[in-house]
Amino acid sequence: MVKKYYNAKDVAEILGYAKDKSYRIIRELNNSLKIETEQSGKEIITFPGRVPIWYFNKKLGIEGNK
C-alpha cells in the first residue's frame, strides 16, 4: 500500500523539528488546505496529526510523491 499521509514523526524527521512543532506545522497545513479547497468551491476532510503528502510537498516546494 502506498503511503498517502505524513504523520508528526515523518514531518519531524524531514524538517528536523521536535514532534510538538511538527504537530503545529501539520495543523497549520491542514487549515490552509481547508481554506484553499473551500475557496475553490470544494470540500476536503483532514485528519488530526496527518497531512497529505502531496500537499506537504507542494507547500515546501518538494517535487515527487504525487
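Good morning. I begin with Ala8, which, once neighbours within four places in sequence are set aside, is in contact with Lys19, Ser22, Tyr23, Ile26 and Gly49. Please bear in mind throughout that the model is predicted.

Ala8 also belongs to the largest nonpolar core. Which residues make up the rest of that core? Besides Ala8, they are Tyr6, Val11, Ile25, Ile26, Leu29, Leu33, Val51, Ile53, Tyr55 and Phe56, giving eleven residues in all. At least two residues of this core come from each of helix 1, residues 8–15, helix 2 and helix 3. Helix 2 supplies the largest share, with four residues.

I turn next to the packing of helix 2 against helix 3. Helix 2 covers residues 19–39 and helix 3 covers residues 53–60. Their axes are 11 Å apart, and the packing angle is about 95°. An angle of 65 to 115 degrees counts as roughly perpendicular, and helix 2 and helix 3 are therefore roughly perpendicular to each other. On the helix 2 side, the contact is made by Leu29, Ser32, Leu33 and Glu36. On the helix 3 side, Trp54, Tyr55, Phe56, Lys58 and Lys59 take part. Sorted by class, this contact has five nonpolar, one polar and three charged residues.

My last topic is the aromatic residues. The structure holds three aromatic pairs, and I shall discuss Tyr5 with Phe47 and Tyr6 with Phe56.

In the pair of Tyr5 and Phe47, the ring centres are 5.5 Å apart and the planes stand at 85°, so the arrangement is edge-to-face. Tyr5 lies in strand 1, residues 5–7, whereas Phe47 lies in the loop between helix 2 and strand 2, residues 50–52, so this pair ties together parts that are 42 residues apart in sequence. Are these two residues buried or partly exposed? Tyr5 is partly exposed, at a relative accessible area of 31%, and Phe47 is likewise partly exposed, at 39%.

For Tyr6 and Phe56, the ring centres are 5.2 Å apart and the planes are at 85°, so this pair is edge-to-face as well. Tyr6 is in strand 1 and Phe56 in helix 3, so the pair ties together parts that are 50 residues apart in sequence.

Thank you for your attention.

Terms used:
Residues are numbered from 1 along each chain as its sequence is written. This is a predicted model: local features need pLDDT of at least 70, side-chain atom pairs count only at pLDDT 80 or more; totals for chains, interfaces and linings use all residues. Side-chain values use heavy atoms; hydrogens and water are left out. Axes are lines fitted to C-alpha atoms, for helices over the stretch in contact, and angles run from 0 to 180 degrees between N-to-C directions. Angles under 35 degrees count as roughly parallel, over 145 as roughly antiparallel, 65 to 115 as roughly perpendicular and the rest as oblique. Contact means heavy atoms within 4.5 Å. Ala, Val, Leu, Ile, Met, Phe, Trp, Tyr, Cys and Pro count as nonpolar, Asp, Glu, Lys and Arg as charged, and the others, Gly among them, as polar. A nonpolar core is a set of buried Ala, Val, Leu, Ile, Met, Phe, Trp, Tyr and Cys residues joined through side-chain atoms within 4.5 Å. Buried means under 20% relative accessible area, exposed over 50%, partly exposed in between (1.4 Å probe, protein chains only). Rings of Phe, Tyr and Trp (its six-membered ring) pair if their centres lie within 6.5 Å; planes under 30 degrees apart count as stacked, over 60 as edge-to-face and the rest as tilted.
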